[in-house]
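Hi everyone, thanks for making time this morning. Let's bring the model up on the screen and walk through it together.

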Protein chains: 2
Amino acid sequence: MPKGLLFVVSGPSGAGKGTICRRLLQKMDIDLSISMTTRKPRPQEVEGENYYFISEEEFLEIIKNDGFLEYAKVYGNYYGTPKEMVTQKLENGRDVVLEIDIQGALQIKASYPDGIFIFILPPSMAELRKRITGRGSETENDINLRLGETLKEVAYIDKYDYCVVNGEIDEAVNRVAAIIIAEHSRVSEDIYELIEKYKEEI
Amino acid sequence: MPKGLLFVVSGPSGAGKGTICRRLLQKMDIDLSISMTTRKPRPQEVEGENYYFISEEEFLEIIKNDGFLEYAKVYGNYYGTPKEMVTQKLENGRDVVLEIDIQGALQIKASYPDGIFIFILPPSMAELRKRITGRGSETENDINLRLGETLKEVAYIDKYDYCVVNGEIDEAVNRVAAIIIAEHSRVSEDIYELIEKYKEEI
């Protein structure tokens, strides 16, 4: 059976990678990678859906066993992508989509270079500012810092295979869906099995 | 303006590359590359639609000026893909689709390596035999020779970027369409223009 493909959907905060992934799951036959975290669940969060909530001891043990495709400590909490859950799905022929920030994507590129890396871009900095401002939780100064950070992050785009500008959400989702279909049409080892079959038939 | 992309749709005779290209033209905003030939037009053939019909003198002159992306002599007639017509469309930002046999595709790969090369495969040799037999113009022996030839041609698949198995025509057309969309989402120099704009905006 051909292995599944890992699609890493990444980009700056506010570019819309979360929305794109949610829409993709409705549209395509693909699994979402669920992260593990040591953070306490928020009221509406569901174990195994938003995150796997584990203890710091458990998390450190998994790190020790090289069990994460990537992990990071943010504001005192650990977050990580469990390696075995992803690779097992891939081995079973399932595609996996993984939503992650840019630092995390770069770590995954190191640990799983066969992944397909998609950078989601905002249509403009003005639009990104509007989206961040709309969330209402940050000061003007915070927002300016964030936009400066975004510019630095965008410089990593050359580590990615694809980039999708998320101006209109339907179009962006369709583009990512097209990338998934196209990647399954790449000339790869799987095709040589079909060619072997041809030889037997003739 | 970003340049257009050249999609070379190729594969063994009977795989259905012609049908796929016709359907693609109805579905996508893309131009077809029209070949030149020294063959006399058949009753229903239209100049500039099926072929550009030119004299042998004209054809040889274009060869001398390196004016073909590829050309071949088949049963005493020349056939070729005029370079300037294709490159001009690409420069104008138009995508071009080019339907061609495998030998021609390999020539184009040498003269225009930026092209995207798609190999159309029949779902099985049994199905290919049925399609060729259906045309009714060849003997059993001819058909066996053709299938043997196809096996040799399929070995060139590793020179291609994509392969699409044409079992169900709608699905095959959708796959090629997805490849076209995905290739426009590749990280390329065009994206750096957008990033430069970001910098001005901030």
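Let me begin with burial: a residue is buried if 20 or more other C-beta atoms lie within 10 Å of its own, exposed if 12 or fewer, and partly exposed in between, with C-beta atoms placed from the backbone. By that count Tyr75(B) is exposed, because it has 5 other C-beta atoms within 10 Å. Tyr75(B) sits in the loop between β5 (68-74) and β6 (77-82) of chain B. Its phi is positive, about 50 degrees, although Tyr75(B) is not a glycine.

Some housekeeping. This is a predicted model, where local features need pLDDT of at least 70, side-chain atom pairs count only at pLDDT 80 or more, and totals for chains, interfaces and linings use all residues. Residues are numbered from 1 along each chain as its sequence is written, while chains are lettered from A and ligands numbered from 1 in the order in which they are written.

Now chain A as a whole. Its secondary structure comes to eight helices and nine strands; here helices (H or I, at least four residues) and strands (E, at least two) are DSSP runs, numbered from the N terminus. The C-alpha atoms of chain A fill a box of roughly 70 × 40 × 30 Å along the principal axes. Of the 202 residues in chain A, 34% are buried. Two residues are in contact if their C-beta atoms, placed from the backbone, lie within 7 Å. Of the contacts in chain A with a separation of 6 or more, 68% are between residues 24 or more positions apart.

What about the two chains together? There, 30 residues of chain A are in contact with 30 residues of chain B. On the chain A side, α5 (125-135), α6 (140-154), β9 (162-165), α7 (169-183) and α8 (189-201) each supply at least two residues. The largest share of that side, six residues, comes from α8(A). By class, the chain A side that touches chain B has 21 nonpolar, three polar and six charged residues. For those classes, Ala, Val, Leu, Ile, Met, Phe, Trp, Tyr, Cys and Pro count as nonpolar, Asp, Glu, Lys and Arg as charged, and the others, Gly among them, as polar.

On to helix packing in chain A. How do α5(A) and α6(A) cross? Their axes come within 11 Å and cross at roughly 135 degrees. Axes here are lines fitted to C-alpha atoms, for helices over the stretch in contact, and angles run from 0 to 180 degrees between N-to-C directions. That angle makes α5(A) oblique to α6(A); angles under 35 degrees count as roughly parallel, over 145 as roughly antiparallel, 65 to 115 as roughly perpendicular and the rest as oblique. From α5(A), the contact uses Met125(A), Leu128(A), Arg129(A), Ile132(A) and Thr133(A), and from α6(A), Ile143(A), Arg146(A), Leu147(A) and Thr150(A). That contact has five nonpolar, two polar and two charged residues.

The second pair is helix α1 (residues 17-27) of chain A with α7(A), packed at an angle of about 60 degrees with axes 10 Å apart. That makes α1(A) oblique to α7(A). In α1(A), Thr19(A), Ile20(A), Arg23(A), Leu24(A) and Lys27(A) meet Ile169(A), Ala172(A), Val173(A), Val176(A) and Ala177(A) in α7(A). Here the residues divide into seven nonpolar, one polar and two charged.

Next, which residues of helix α4 (residues 102-111) of chain A are buried? They are Ile102(A), Gly104(A), Ala105(A), Ile108(A) and Lys109(A). Seen down the axis of α4(A), these buried residues fall within an arc of 155 degrees, so they line one face of the helix. The arc is that of the directions from the helix axis to the C-beta atoms. What covers them includes β1 (6-10), β7 (96-100), β8 (116-121) and α6 of chain A.

Over in chain B, the buried residues of helix α5 (residues 125-135) are Leu128(B), Arg129(B) and Ile132(B). They cover an arc of only 100 degrees around the axis, which puts them on the same side of α5(B). These buried residues pack against α6 (140-154) of chain B, while the face turned away carries the exposed residues Ala126(B), Lys130(B) and Gly134(B). After α5(B) comes Gly136(B), with a positive phi near 70 degrees.

One last stop: Asp66(A), in the loop between α2 (56-64) and β5 of chain A. Asp66(A) has a positive phi near 55 degrees, in a residue other than glycine. Asp66(A) counts as exposed, because it has 9 C-beta neighbours inside 10 Å. Thanks, and I'm happy to go back to any view.
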